[in-house]
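Me: I have a model open and would like to go through some of its side chains with you. Could you take my questions one at a time?
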Amino acid sequence: MKSLFSSQSRLRFPQSSLWFSLMFIIALALPLLLPTGLVQAYSGYPTFDIVSVKPDESVTIKVINLPPNQTFTVRMGKIGTRAIGGIEVGQFTSGSGGTQTLTFNIPAALKGLHQISIRMDSKPGGYFAYNWFYNTATATATPGPTATPGPTPTPKPTSSGYTGIPTFTILSVVADEKITIRTHNFPANQSFTVRMGKYGTKGIGGIVVGNSDSGKGGVLEFTYAIPAELKGQSRIAIRMDSPAGFYAFNWFWNNTYP
């Protein structure tokens, strides 16, 4: 039987049309092939504050700058452990990211302890942050790190009319140039000497980068230049000490943020 089409009358498609069709199909398929993590922009790192504590019962935290679409496992442990390998107390999903306020029960094995570490780790992204709190009704503390910096507030001397502990958080960093911090619950009328040092030193014996007066105390913001000796370091410790014995320390990634 002869073909209904001669060799010269067979249907042909212009190459330009075929190329356009192929590109159209690829464009439709790309959203299905690319990981969602490549589509959503995220910068910085998650941290969290201690909002309140019910002794031996629960702790409420406020998580800041959560990455989207992560499942965090929360653990508690003894002070100094950063809750690594600690007791699991809950999980939560970050959803679209941002800020969440959450409450977790203090496990029976940690009841009666004066200080408790708390930590969160995420999957699939591997983000983490940790902090600690006093297991008392007046406990306060500040954001812990993350693949991230985390402050480690410290005990303070007794002072009339002052309770709690002075702490500070990292507000912003200009790599190899400067850092801005925000204090929390600072005692009034204190002159703090500020030092920076290599990560892991807690800033003890570090390079003096400034002196700051606390004035009326409470919440204050200060900016300090990163000394030449520490430029190029990936992480830097920062510390504040007053003659009365108040002190607080933290550390930060030497990357521009936010």
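Me: Is Arg 195 buried, partly exposed or exposed?
Reply: Arg 195 counts as partly exposed at 25% relative accessibility, where buried means under 20% relative accessible area, exposed over 50%, and partly exposed in between (1.4 Å probe, protein chains only). This is a predicted model, in which local features need pLDDT of at least 70 and side-chain atom pairs count only at pLDDT 80 or more, while totals for chains, interfaces and linings use all residues. Residues are numbered from 1 along each chain as its sequence is written, and side-chain values use heavy atoms, with hydrogens and water left out.

Me: Which residue meets Arg 195 in a salt bridge?
Reply: Asp 241 does, at 3.9 Å from N to O, a salt bridge being a side-chain nitrogen of Lys or Arg within 4 Å of a carboxyl oxygen of Asp or Glu.

Me: How many salt bridges are there in the whole structure?
Reply: A search finds five. Among them, Asp 121 pairs with Arg 119, with the closest N and O atoms 3.0 Å apart, and Asp 121 also pairs with Arg 75, at 4.0 Å.

Me: And where do Arg 119 and Asp 121 stand on burial, buried or partly exposed?
Reply: Arg 119 is buried, with a relative accessible area of 10%, whereas Asp 121 is partly exposed at 23%.

Me: Switching topic, which side chain does Ser 212 join in a polar contact?
Reply: The side chain of Tyr 224, at 2.6 Å; a polar contact is a pair of N or O atoms within 3.5 Å, where within protein one must be able to donate a hydrogen and the other to accept it, and residues adjacent in sequence count only if both atoms are side-chain atoms. Ser 212 itself is buried, with a relative accessible area of 5%.
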